[in-house]
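Here is the note I promised you on cavities and ring contacts. Please keep the viewer open while you read.

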Amino acid sequence: MADGSAVNAPRVALAALNAMPAEGFAAALEGIFEHARWVAAGAAPARPFPSVAALHAGLMTVLRGLDEAERVRFLNLHPELSAGALPVGLTAASREEQGGAGLAETDAEELARLNAAYRSRHGIPFMICLRRHTAADVLRGFRARLGRSVEEERARAMEEVGHVSRLRLAARVEAPDAEPPRGAILLRALERAGAPFAGLRLTLQIEGTAAGEWTTDAAGRAGPLLAGEALKIGRYAILADGAALPFEVADPAADLALRLQGGAGGWRLTL
């Protein structure tokens, strides 16, 4: 697979993909899966696909048809996570994803130990869609998943391949549904009696780092917070009147409606 295929390849319309010869279809989608043009080649006979979602489902159907040994070989085509300087052999897509994941400040020795321990136990590299998680959540997930069963982790790895490939398709294919759903954080502040609280200054923290400030309007509303940015799975907090009110994002595709309720003890956050 050409190193730049997943990042620098031109975008192609879904209708054009459907009309291409099978070899052209596979070539146009090269890099969506690491070193595995055969995935697209296997899905070509199922065309035409009416949407990018259907295209992605068709590609994943090919992978679900693999036996266990074939799945393990496929998963081992993927790179391990790196901290600091990225390995020379990464594909352009993996280089972009790992380079933007925020792992550069991670303890390289700990990450190397995790990589080795995970591969020793599960027989595959640790798989996670970096674009869907904060860097801190990537490491929490790595530590938590290390002790799970081989069966669980190999199934989870294929799920993560699905997330990665869906986002790569969004950057490659032009269609109305090319971009997968994005969630938003919406917030409303209410006084103790239930009336809207206007003028409350809020700070959003992501993994302990301030990500922006907002002020509630006359209806007590603020948001969507982080408008235009993709949510990531991880730990968040709202700072209001000196109090830190934690919450978590578990599904970056779903809207999250937060409610700040005033009371004698200060603000209380509910979902």
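The points below go through the cavities and then the aromatic contacts.

1. First, the ground rules. This is a predicted model, in which local features need pLDDT of at least 70 and side-chain atom pairs count only at pLDDT 80 or more, while totals for chains, interfaces and linings use all residues. Residues are numbered from 1 along each chain as its sequence is written, and side-chain values use heavy atoms, with hydrogens and water left out.

2. Two cavities of 30 Å³ or more turn up in a search of the whole structure. A cavity here is a set of points on a 1 Å grid over the protein atoms alone where a 1.4 Å probe fits but cannot get out, and lining residues have an atom within 4 Å of a point. A volume is the space filled by probe spheres set on the points, which are joined across faces, edges and corners.

3. The largest cavity has a volume of about 230 Å³. Its lining has 19 residues, with Ser94, Glu97, Met127, Ile128 and Val164 nearest the centre. Helix 6 (92-99) and helix 9 (150-172) are the elements that give two or more residues to this lining; helices are DSSP runs (H or I, at least four residues), numbered from the N terminus. Helix 9 provides the largest share, four residues. By type, the lining divides into eleven nonpolar, four polar and four charged residues (Ala, Val, Leu, Ile, Met, Phe, Trp, Tyr, Cys and Pro count as nonpolar, Asp, Glu, Lys and Arg as charged, the others, Gly among them, as polar).

4. The second largest cavity holds about 30 Å³. Among its lining residues are Phe33 and Arg37, and the lining divides into five nonpolar, one polar and two charged.

5. The whole structure has eight aromatic pairs (rings of Phe, Tyr and Trp, the last by its six-membered ring, with centres within 6.5 Å; planes under 30 degrees apart are stacked, over 60 edge-to-face, the rest tilted). Tyr118 and Phe142 are edge-to-face, because their planes stand at 80°, with centres 5.8 Å apart. This pair links helix 7 (residues 108-122) to helix 8 (residues 135-146), its members being 24 residues apart.

6. Phe142 also stacks with Phe126, at 3.9 Å centre to centre and 5° between the planes. Phe126 lies in the loop between helix 7 and helix 8, so the pair ties together parts 16 residues apart in sequence. Both Phe126 and Phe142 are buried (under 20% relative accessible area, 1.4 Å probe, protein chains only).

7. Elsewhere, ring pairs link Phe33, Trp38 and Phe74 into a cluster.

Note on methods. On a 1 Å grid over the protein atoms alone, a cavity is a set of points where a 1.4 Å probe fits but cannot get out, and a pocket is an open set with protein on both sides within 12 Å along at least five of seven lines; lining residues have an atom within 4 Å of a point. Buried means under 20% relative accessible area, exposed over 50%, partly exposed in between (1.4 Å probe, protein chains only).
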